Amino acid sequence: LLKDWIKAGGHFHMNGGWFSFGGHQGYGRWGRSSWQKDTSERVLPVDCLETDDLIESTASFDVRTVDRKHPAVQGIDWSTVPPILGFNETRPGKGAKVIAEIRNGNSWYPLLAERRVGKGRTTCWTSSASPHWGLNFMKWEHYDQLWSQLFAPACK
C-alpha cells in the first residue's frame with residue numbers, strides 16, 4: 001500500500017539512526033527488504049548494508065552538497081553545518097540522486113539522497129535529525145529551512 005501511495009505522488013522520507021537502514025548489528029534490516037532490491041519495486045534511494053552500518057565520532061564529519069541547485073538545499077550555506085556525530089553507512093542506489101554527502105576518512109557517503117518513484121519520491125537523511133547524532137544539527141540556523149524545502153511541493 002505504501003509503495004502504491006508513493007507511486008501515485010506521495011513522499012516517503014527515512015532518517016538515520018540505530019535501527020534505520022542497516023542499523024545497529026544489522027537490526028534495521030532494510031537491506032533485505034523489497035524496498036532495497038534492484039527491481040521495478042525498488043523504493044529507497046540508497047543501498048543499505050546487511051550488517052552494522054553505524055559510523056560515529058565525537059570529532060564530527062565533513063559535509064558537502066553535490067547538487068547545489070536542488071530545491072531542498074538552495075540558499076543553504078553548507079559550510080556552516082555544525083558537528084554531525086554519526087550516520088548510517090550506505091551507498092547511492094541505482095537511479096538515485098545524491099544531494100549531500102558526508103565523509104569518513106577518504107570516502108564520501110550519501111547524507112541526503114532522493115529517488116523518483118512513479119509520480120512520487122523517497123528521500124533519505126542518513127544521520128539523525130534529533131538528539132544523539134543530530135544534537136548539534138538541530139541547533140543549526142538552516143535546520144528548519146532544510147526540512148521545509150525538502151518537504152515543499154516545489155521539490156516534487
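Strands β7 (residues 97-104) and β8 (residues 107-117) run antiparallel and are joined by seven bridges. In this predicted model, the two strands belong to an open sheet of five strands with mixed pairing.

- Within the pairing of β7 with β8, residue N104 stands opposite S107 in β8.

**Salt bridge between R64 and E101**

- The count of salt bridges comes to seven, and one of them joins R64 to E101, with the closest N and O atoms 2.7 Å apart.
- This pair links distant parts of the chain, since R64 lies in strand β4 and E101 in strand β7, 37 residues apart.
- R64 counts as partly exposed because its relative accessibility is 36%.
- E101 has a relative accessibility of 15%, so E101 counts as buried.

**Salt bridge between R91 and E89**

- R91 forms a salt bridge with E89, and 2.8 Å separates the closest N and O atoms.
- With a relative accessibility of 37%, R91 counts as partly exposed.
- E89 counts as buried, because its relative accessibility of 16% falls under the 20% cut-off.

**Salt bridge network around E114**

- E114 and R116 form a salt bridge in which the closest N and O atoms are 3.7 Å apart.
- Salt bridges that share partners join E114, R116 and R121 into one network.
- E114 is buried, at 4% relative accessibility.
- R116 is partly exposed, with a relative accessible area of 42%.

**Surroundings of Q145**

- Q145 is part of helix α2, which covers residues 143-150.
- Leaving aside residues up to four places away in sequence, Q145 touches Q74, G75 and I76.
- Q145 and Q74 are 71 residues apart along the chain, and their C-alpha atoms are separated by 9.4 Å.
- The relative accessibility of Q145 is 25%, so Q145 counts as partly exposed.

Terms used. Residues are numbered from 1 along each chain as its sequence is written. This is a predicted model: local features need pLDDT of at least 70, side-chain atom pairs count only at pLDDT 80 or more; totals for chains, interfaces and linings use all residues. Side-chain values use heavy atoms; hydrogens and water are left out. Helices (H or I, at least four residues) and strands (E, at least two) are DSSP runs, numbered from the N terminus. Buried means under 20% relative accessible area, exposed over 50%, partly exposed in between (1.4 Å probe, protein chains only). Contact means heavy atoms within 4.5 Å. Two strands pair if DSSP finds at least two bridges between them. A salt bridge is a side-chain nitrogen of Lys or Arg within 4 Å of a carboxyl oxygen of Asp or Glu.
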